[in-house]
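This report looks at how two parts of a protein chain meet. Please view the structure before reading on.

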Amino acid sequence: MQVTTTVEETRKLVKNWKKEGKTIGLVPTMGFLHEGHASLIRRCREENDIVVVSDFVNPTQFGPTEDLEAYPRDFKRDSELCESLGADLIFHPEPKEMYHDPHAYVSIDTLSDTLCGKTRPIHFKGVCTVVSKLFNIVAPDRAYFGQKDAQQLAIIRKMVQDLNFDIQIVGCPIIREEDGLAKSSRNTYLSAEERKAALCLSRAVKTGQEAICKGIKAEEVLSKMRAVIEAEPLAKIDYVSMVDALDMQPVESVEKDVLVAMAVYIGKTRLIDNFSYEV
């Protein structure tokens, strides 16, 4: 496995692989890899000749009061995991390698206005910009994203469609701890008491999955889910919403495919979870 830190050396390797007719899969990550990331890398390994993992904490997707500095990092551990899973390359640049007095950004409207976009207004502009850059640097045939970040996945799909990227976007299922908590790098922020409290998210997902059916009013499902979260004293709801699965706009009832998503603060840590329902 190789490690690159510059755009130039990464492009050089990619060009050689392309010349050899090899297919390239990309797994974009912010590092501090867990079993959720591992599932993406495994899927990528199964479907491509070359596996590239980007390991980059992207500053442009963090707001001024968010956890950029505190975000967990452990590149040695990430490298060992990637190597054990058969990755061919880790692209691990510094911010100054990726951004030089930038004036160009990629932003997707409408889909970015709801859910996490409402409370994190610059987040998806930062995500779309860095993912576009990674797509231009690595030129993958396929790119792998987790469904835990369902709004991000929908936005990336739309960006790829609208900007004519010749890349297949592969969404992979949420990976959970044995007790149901969705795997997240931010879970490391939780105290033992908060870790227990965080289970209200997956309980709310289960409640929603049991309640939802075609034609049901959104509020009927969401009120049951909110009740589960509100019963946990350490939990503070950011949002619990039902949106159209394609354009991320709120729906009043289940008449087509929907995403039911939430963001909840457990103490100071903001966690997300979701489920999809197909009509």
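## The interface

In this predicted model, domain 1 and domain 2 bury about 1600 Å² between them, with 61% of it on carbon and sulfur atoms. Buried area is the accessible area (1.4 Å probe) that two parts lose on being put together, summed over both. Domain 1 covers residues 2-172 and domain 2 covers residues 185-273; such bounds come from an automatic or database domain assignment.

The centres of domain 1 and domain 2, taken over C-alpha atoms, lie 26 Å apart. In contact (heavy atoms within 4.5 Å) are 21 residues of domain 1 and 18 residues of domain 2.

The rule finds 1 salt bridge across the interface of domain 1 and domain 2. A salt bridge is a side-chain nitrogen of Lys or Arg within 4 Å of a carboxyl oxygen of Asp or Glu. Aspartate 67 forms a salt bridge with arginine 186, and their closest N and O atoms are 2.9 Å apart.

On the side of domain 1 that touches domain 2, the elements giving two or more residues are helix H5 (116-119) and helix H7 (150-162). Helices here are DSSP runs (H or I, at least four residues), numbered from the N terminus. H7 gives the largest share of that side, 3 residues.

## Basis of the values

Residues are numbered from 1 along each chain as its sequence is written, and side-chain values use heavy atoms, leaving out hydrogens and water. Local features need pLDDT of at least 70 and side-chain atom pairs count only at pLDDT 80 or more, while totals for chains, interfaces and linings use all residues.
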